[in-house]
Amino acid sequence: RFKAVVSTQSTGAVEGRTVNLPVRKVIIHPVVLFNIVDNYERRNDNNKRVIGTLMGRYDKGTVYVTESFAVPHQETEEEVSMDMEYAMRIGELQKKVNTSMYTVGWYSSGIIINEYSSLIHAFYKCQCPTPVHLTVDTQLKEQKMKINTHITSQIGVKNGTEGCIFTPVSHSIVGSEADQVSLKFFQGLRGTKKTPNLNDQEQIISSCDDMISQINIVMGHVKKVLSGEAPNDKELGRQLMEVVQSIPNLDGDTITNMLNSHMQDLLAVEYLTYLTRQQLAISARINQIL
């Protein structure tokens, strides 16, 4: 049985290339968590957990994790092995797709950090200066998907055996406005096995109903503050003011013209799509005749 020790040769490769960057916070994109859960559900029966590479970028002490991919590995009580060549090759392909994206760490399913985690972390320390270790409780042991992020600090004797200790670092899950629509749709599927097939009009109606409900909640809170039933929150007031000021001041005729213009563009695209399909079908029949 081996000891979980990070060799000085592995850490020296990073020190010769760049200095360690301080990591104060980790921002995780929701698609990363979906990839991890999907990887866990598709794992081999003999694998207790799955691991993979985290891709993203550094920015002033914050790590933005925007992509991830699984890395094949085998783990037993005596040893752990992973396909390092595969991890580096896929990482290079990801960089070619998005030149601003780099390897920022690795993930594993489960919340336990053991001696194998130190050895895997040593490999990723050669790929990026300050790798982030993301753990996701895919088994929902605490009735929720617990998420933790860690970085490591070196410990040991100088010019001797060195190791590392995993230190927690704060994190948050942040998605764009378009992502929020998908996440809310998935949240609405709790407890149901059948996925509803909603058309565009039904989705717009559902979104408008939700927006009206939220506006009613905000108006109710504002009325309570004005009547003295609720305390005055200056920060909340500033946020509401920013929301109100962000809405363009347009009259009804202008909004109607914008909607009609958008509808005309949409109909033109659908018409061109129909013509393209018909042209492809005619070309296929001509080729069969010839």
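Reader: How many helices and strands does the chain have?

Author: Helices (H or I, at least four residues) and strands (E, at least two) are taken as DSSP runs, numbered from the N terminus. On that basis the secondary structure of the chain comes to eight helices and 10 strands.

Reader: On what conventions do the values rest, and what is the mean pLDDT of the chain?

Author: This is a predicted model, in which local features need pLDDT of at least 70 and side-chain atom pairs count only at pLDDT 80 or more, while totals for chains, interfaces and linings use all residues. Residues are numbered from 1 along each chain as its sequence is written, and side-chain values use heavy atoms, with hydrogens and water left out. The pLDDT is the predictor's confidence in each residue, from 0 to 100. Residues reaching 70 or more make up 88% of the chain, and its mean pLDDT is 81.

Reader: What percentage of the residues in the chain is buried?

Author: Buried means under 20% relative accessible area, exposed over 50%, and partly exposed in between (1.4 Å probe, protein chains only). Of the 290 residues in the chain, the buried share is 26%.

Reader: Which strands pair with strand 3, and in what sense?

Author: Two strands pair if DSSP finds at least two bridges between them. Strand 1 (residues 25–28) and strand 3 (residues 62–70) have four bridges in the parallel sense, with Ile-28 opposite Val-65. Strand 2 (residues 51–59) is joined to strand 3 by eight bridges, and Leu-54 stands opposite Ser-68. The partners are therefore strand 1, parallel, and strand 2, antiparallel.

Reader: Which residue in the hairpin of strand 2 and strand 3 takes a positive phi?

Author: Most residues other than glycine have a negative phi. The hairpin has two residues between its strands, and the residue concerned counts as exposed because its relative accessibility is 79%. With phi near 55 degrees, the residue is Lys-60.

Reader: Which residues touch the most other members of the largest nonpolar core?

Author: A nonpolar core is a set of buried Ala, Val, Leu, Ile, Met, Phe, Trp, Tyr and Cys residues joined through side-chain atoms within 4.5 Å. The largest has 19 residues; strand 1, helix 2 (30–41), strand 3, strand 6 (102–109), strand 7 (132–136) and strand 8 (147–156) each supply at least two. Helix 2 gives the most, with four residues. The members that touch the most others are Val-26 and Leu-134.

Reader: Why is strand 7 described as largely enclosed by the rest of the structure?

Author: In a regular strand the side chains alternate between the two faces of the sheet. Val-132, Leu-134 and Val-136 are buried on one side of strand 7, and His-133 and Thr-135 on the other. Strand 7 also pairs with strand 6 in the parallel sense over five bridges, where Gly-105 stands opposite Val-132. Strand 7 is largely enclosed because its buried residues number five of the five.

Reader: How many residues of helix 4 are buried?

Author: Helix 4 covers residues 115–125, and its buried residues include Tyr-116, Ile-120, Phe-123 and Lys-125. Ser-117 also counts as buried, because its relative accessibility is 0%; it is in contact with Arg-49, Trp-106, Ile-112, His-133 and Phe-166, leaving aside neighbours within four places in sequence. Helix 4 is largely enclosed by the rest of the structure, since the buried count among its 11 residues is nine.

Reader: Which residue caps the N-terminal end of helix 4?

Author: The cap places a side-chain oxygen 3.1 Å from the backbone nitrogen of Tyr-116. A polar contact is a pair of N or O atoms within 3.5 Å; within protein, one must be able to donate a hydrogen and the other to accept it, and residues adjacent in sequence count only if both atoms are side-chain atoms. The capping residue is Asn-114.

Reader: What distance separates the C-alpha atoms of Ser-176 and His-29?

Author: Ser-176 lies in the loop between strand 10 (170–173) and helix 5 (177–187), and counts as partly exposed because its relative accessibility is 38%. Ser-176 and His-29 are 147 residues apart along the chain, and their C-alpha atoms are separated by 8.8 Å.

Methods:
Contact = heavy atoms within 4.5 Å.
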